[in-house]
Each structure stands twice: as C-alpha cells, then as structure tokens.
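Here are my notes on the packing in this model. Please read them with the structure open.

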Amino acid sequence: MSDSHPQNPIKGMAIMAACMIVLPMMDAIAKYMATFETMSPGQVTFYRFFFQFLALLPIAFFVPGAIRGGKRPWMNLLRGALHAAASLMFFMAVKYMPLADVFAIYFVEPFMLTMMSALFLGEKVGWRRWLAIAVGFGGAMIVIQPSYEIFGWTALLPVLCAFLYTLYLFLNRAIGDADSPLTMQFVAGVGGTLFMTVGLLAGHFVYPVEFEASLPSSSLGLLLLIILGSLSGYVHLLVVRAFRMAPLSLLAPFQYFEIISATVLGYLLFADFPTASKWLGIGIIVASGLFIIWRERIRVRQISAEPPLG
C-alpha cells in the first residue's frame with residue numbers, strides 16, 4: 001500500500017468534509033451507550049480502541065512492518081495512549097453534557113496548538129493571532145459558564161481533552177512519515193486498548209462510576225460498539241489521506257463541520273439544542289479559529305514568496 005497521494009485539493013476537501021460530518025456519530029454512540037445502555041465512559045473508550053484494533057488487523061497483515069509496530073513502535077503506542085486519554089475525557093463529558101456544547105468547548109484545541117507551536121517550536125505568532133486566541137478563549141468561556149453552573153467540573157473535561165489531543169498532534173509531527181498511516185492507526189489501537197485496560201483496572205477502585213467494567217447488555221449495544229471502533233479506525237485513515245491531497249490551511253476550516261453534525265445528532269437523538277448565548281460562544285470560537293487559519297495561510301504564502309538566500 002503506497003503512502004504517496006497526488007495533490008488533489010477538491011477531492012481532499014470532499015473527503016475532509018464527509019469525515020467531519022461522520023465523526024460526531026462516534027460521540028453520539030458513546031453518549032447513547034452511557035445514557036441508555038448504562039455503560040461507563042471508561043468501558044466505552046476501551047471498546048472504541050479494541051474494535052479499532054480488530055477492524056484494522058486484517059489489513060495490517062498486508063502492510064510491511066505494521067504488525068511489528070512499524071519503525072517507531074513506542075511512539076506509536078504513546079500516540080494511542082494519548083488519544084485514548086483524550087477520548088476518555090470527551091466521552092465522560094458527553095455522558096452528562098449536550099454534544100454541541102462539548103464540541104464547542106473542545107474547539108479551543110486550534111488555539112492551544114498555535115500557542116504551543118509558538119512556545120515550544122519557536123513558530124512566529126503575530127499580535128493578530130494572539131488576539132484571536134484570546135477572543136476564542138472568551139467565546140469558550142461563554143459556552144463553559146452556564147455549563148459549569150449546571151455540570152460543575154465536568155464542563156472543563158473538553159478543555160482537558162483538547163490539551164491531550166494537542167499533545168497527540170505534536171507527537172504526530174515528531175513521528176512524521178516514518179510509518180504509514182495504517183501502521184500508525186493500527187498500533188494506536190493497540191496502545192489505546194492497553195492504556196484503557198490499565199485505566200479500567202485502576203479506575204474501578206478510584207472512580208467506579210466512570211470506570212465500571214461491563215459487557216454490552218444488548219445485541220444493539222454490541223453492534224454500536226463495533227461501529228464505533230470501525231468508524232474511528234477507517235475515518236481517521238481517510239482524514240490522513242485528505243491531508244496528503246490538500247494543504248492543512250485549506251482543510252482546517254472543515255473541522256467546524258463537526259459542530260453542525262453534533263448539533264443535529266444531539267437534537268434528534270437526545271433533544272439537546274444550544275441556547276442563544278451558547279450559539280454566540282460557538283460563533284466567536286469558529287470565527288476566531290477561522291481567522292487564525294486565514295493568518296496562517298498568509299504567513300505560508302509570505303514564506304513561499306521570499307527569495308532564496310545566496
């Protein structure tokens with residue numbers, strides 16, 4: 001299986017848009033399992049990575065080095081552990097909060113990524129983007145404030161999820177192209193499963209409500225968990241493919257499609273709909289994020305236009 005894909009921005013955008021519409025279905029399944037099947041978020045997270053591992057296992061046999069963990073197995077396992085920890089925070093949040101609220105708060109992630117790039121990678125971030133970061137966090141506070149009054153510390157779980165996912169993205173950058181996307185996803189499934197196995201064992205004694213070990217209580221629950229793991233594996237493979245067809249700055253705005261899909265699913269399945277103040281916060285977060293992406297595109301163009309030295 002080749003990792004090289006020709007540049008095709010239109011196809012890349014189409015794939016990215018479709019993936020962002022589908023991905024919130026995973027979180028809707030997690031919320032359904034927690035509220036209707038009474039399965040703990042820790043157990044749901046375990047099954048999410050376990051069935052991702054099983055779904056990718058048949059294909060991994062045909063990818064050189066995938067079963068052995070690729071060229072950087074320990075870093076790929078760490079990727080899986082970080083992704084599992086982020087997913088756990090997200091699934092714990094959606095158990096109690098509306099999907100759209102959780103997604104809106106989670107979208108402080110692009111701001112965190114920009115801040116960490118400036119602080120740890122030395123990337124230049126101008127005053128306009130710093131201002132957009134501050135405004136974006138202000139929008140998140142508009143969403144968090146009423147949620148915090150109702151749900152308490154649970155309202156901050158999406159922020160912790162965003163931080164963990166930012167670390168996951170940094171690790172992706174560190175690994176680079178050493179391994180194929182399928183190898184990375186397959187080993188991440190192993191890492192996430194191992195991490196959640198330990199998490200379930202430890203969490204059962206510390207916080208049993210959120211880490212209770214259990215089997216699916218119905219055939220529908222089992223089917224939904226299989227779909228959850230399979231979606232997570234294959235959709236993220238498509239996201240990687242999209243980023244190889246089109247530049248990051250072109251595809252990044254499509255992440256906000258998740259809020260649309262999450263709002264629709266939240267309303268249809270759980271009768272949740274954001275209030276006017278939360279829509280205001282969501283609008284501020286999206287606008288600030290899009291501004292940061294726009295400024296990044298300008299920065300990249302300016303760098304590309306600079307004459308070579310010498």
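1. Start with Q185, which is found in helix 9 (residues 181–206); helices here are DSSP runs of H or I, at least four residues, numbered from the N terminus. Is Q185 buried or exposed? Q185 counts as buried, because its relative accessibility is 4% (buried is under 20% relative accessible area, exposed over 50%, partly exposed in between; 1.4 Å probe, protein chains only).

2. Leaving aside neighbours within four places in sequence, Q185 is in contact with Q52, L56, R79, Y168, S232, G233, H236 and L237. Contact means heavy atoms within 4.5 Å.

3. A caveat on method: the model is predicted, local features need pLDDT of at least 70, side-chain atom pairs count only at pLDDT 80 or more, and totals for chains, interfaces and linings use all residues. Residues are numbered from 1 along each chain as its sequence is written, and side-chain values use heavy atoms, without hydrogens or water.

4. The largest nonpolar core has 76 residues, and V44, F90 and L225 have the most contacts inside it. Such a core is a set of buried Ala, Val, Leu, Ile, Met, Phe, Trp, Tyr and Cys residues joined through side-chain atoms within 4.5 Å. Helix 4 (residues 73–96) gives the most to this core, with 11 residues.

5. A second, separate core has eight residues, including A60, A66, L182 and L237.

6. Ring pairs link F90, F103, Y106, F107, Y165 and Y168 into a cluster. Rings of Phe, Tyr and Trp (its six-membered ring) pair if their centres lie within 6.5 Å; planes under 30 degrees apart are stacked, over 60 edge-to-face, the rest tilted. F90 is buried, with a relative accessible area of 5%.

Technical notes. Helix = DSSP H or I, 4+ residues; strand = E, 2+ residues; numbered from the N terminus.
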